[in-house]
Amino acid sequence: MKIADQCLADDLSTQAADRSRPKVRPAMHPAIERFLSDEKLVFSLVDGLGSPLNVIFPRQIEETIGRFERVYKDRQLQGTIFYTSKPNKSHALKKQASTTKVGLDVSSEGELKSALTSGFHPDRIEATGPKNIDYLALCIQQNVLINVDNFAELKQIVRMASYSPKGRKARILMRLDGFEPGRVKFTAQDSAFGTPVKDAPAIIDLLVEHKDTIDFHGFSFHFNAGDYIRRPPAIEACLQLTFRCIELGLTPSAIDIGGGYRIRYAACQDEWNTYVEELKASVLGNRDSLTWNDSGLGYYREDGVLKGAPNFMEHYHKNDGHEDFASVIDTPLPAFDGYSTARIVSDNMFELHIEPGRALLDQCGITLAHVNFDKQSILGQQLSVLDMNRTNLNSTQLKLMTDPVVIYRNLDRKPADKGVMYVGNLCLTHDMIQYHKTFPEFVPQTGDAVAFINTAAYQMDFAEAHVLEQAIAKKIAVIEDENGALRWFLDELYNPMAIAGGIKP
Ligand SMILES: Cc1ncc(COP(=O)(O)O)c(C=O)c1O
């Protein structure tokens, strides 16, 4: 189910909302809302399993995969959606994904081993990322599709491929970057990944020379979310090189256009825009500060003028996930007479591979934390101190700007008139969970639980560390049975096949 804009759905228009207490409600799947409304269960889980606690909703990934598959089907496209497993370590999510038709994109030897044990046959796995010899050797032995980063890696594969079991050819994609801008001008960005497209002729020569040991599947690239200008010229270059390879007797069958599709974190566009406007007003000194130590989150004031750029992601997109992907492949390609990627790929019976990570994890997880206590900061800011730290939400790197949901246990509540800032459990300055102020109705106090929504992608377990010997979060998987009753499993014990087969009813 795609989540509607809450402002449009609400009777209460946010036009009238109190700008002194701006809200950014999180976009939330009804299954997550139902889980959070079972307060007894939420408290018993945090009390029993500890804080922080990551809650995975594995069935959401299946729903989202279905939407991406529909984009393929509507355009009669063949190819593989490789779920990029890097943004989250959950076994439950991998196991759930393994019951669908997607492949898995792994980025390390450890992730490859985890993919194999999560039920992915090697035929369904693609290996990306920087590779050491052990990672490469395991890929070759398992005949995993290797997305080759550079010449040195390609040469190592050529040397090892002749030792592959049963003499199978090593299956590879070749990752490129440094594409020419074409008609659209953009500033070239440096990257540590991929091989410069200008070196493609030399790569092709090597592939032709070693076509008895290397099975070349095609060219690939990956750009981060929002990088729309660079994609069409990159796709054009990959397609042109594919045709060149065919002329030279190679048999590439696919292009791989990577991941980088967005998530809509905020429920409501008006609320999001209002918060950002209020943030700018606070940096200009036109209202009370909204950021910790007046940091401005990337904005600053110079000679009375607002400067800088936000250091947080855009939290509301009209087109996210599969719609974002669809718009990429429907964009006309000038070098192909304005035909779209989807059209060129399907007319030539190529396969289109993609590697979405973040987008497939939309609505797949939340992070719960116990409130240790509340207090005032030295300068009088209302703080709520959580039993988690910034590594548990990757807060230094990624700023989650949506309002957490507070589940109050304490009946003796005090109003949070001036807003609240969430602080962590490290004996270090600046262990902030969020660097901005949010406005819950009441101050979260000892024993309350705070839920950060939509943390599965790159947030809940991407950078967590046992810093100061603090706990890293346990992970559980939560599903609803056919009667709507909630069930939970330790993440590693969740087994969708056993549940579907009635073996673990
Ligand atoms: C090669 C590659 N593919 C796919 C992804 C997934 O990107 P995203 O999570 O933005 O979809 C990444 C992320 O860094 C990547 O490096």
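Strand β1 (residues 53–56) is covered on both of its faces, with L53 and V55 buried on one side and N54 and I56 buried on the other. Here a residue is buried if 20 or more other C-beta atoms lie within 10 Å of its own, exposed if 12 or fewer, and partly exposed in between, the C-beta atoms being placed from the backbone; strands (E, at least two residues) and helices (H or I, at least four) are DSSP runs numbered from the N terminus. In a regular strand the side chains alternate between the two faces of the sheet. The model is predicted, and local features need pLDDT of at least 70, side-chain atom pairs count only at pLDDT 80 or more, and totals for chains, interfaces and linings use all residues. Residues are numbered from 1 along each chain as its sequence is written.

Strand β1 is joined by four bridges to β13 (residues 365–376), and these two strands run antiparallel, whereas the four bridges between β1 and β18 (residues 474–480) join strands that run parallel; two strands are taken to pair if DSSP finds at least two bridges between them. Within these pairings, L53 has L368 of β13 as its bridge partner, and N54 stands opposite K475 in β18.

Most residues other than glycine have a negative phi, and most peptide bonds are trans. The peptide bond from S51 to P52, however, is cis, with omega near 0 degrees, and P52 is placed in the loop between α3 (39–49) and β1. Q76, in the loop between α4 (59–74) and β2 (82–84), has a positive phi near 50 degrees although this residue is not a glycine, and Q76 counts as exposed because it has 11 C-beta neighbours inside 10 Å. A positive phi of about 65 degrees is also found at Q363, again not a glycine, which lies in the loop between β12 (351–353) and β13; Q363 counts as buried, because 26 C-beta neighbours lie inside 10 Å.

Not counting residues up to four places away in sequence, C238 touches L176, F219, F221 and I255, contact being defined by C-beta atoms, placed from the backbone, that lie within 7 Å.

F442 is found in the loop between β16 (421–423) and β17 (449–453), and is partly exposed, because 16 other C-beta atoms lie within 10 Å. Apart from its neighbours within four places in sequence, F442 is in contact with Y408, R413, K414, P415 and A416.

Around the ligand there are 17 residues, of which H222, G259, E355, G357 and R358 come nearest; a residue is near a molecule or strand if its C-beta atom, placed from the backbone, lies within 6 Å of it. By class, this shell has five nonpolar, eight polar and four charged residues, where Ala, Val, Leu, Ile, Met, Phe, Trp, Tyr, Cys and Pro count as nonpolar, Asp, Glu, Lys and Arg as charged, and the others, Gly among them, as polar.

Methods
Two residues are in contact if their C-beta atoms, placed from the backbone, lie within 7 Å.
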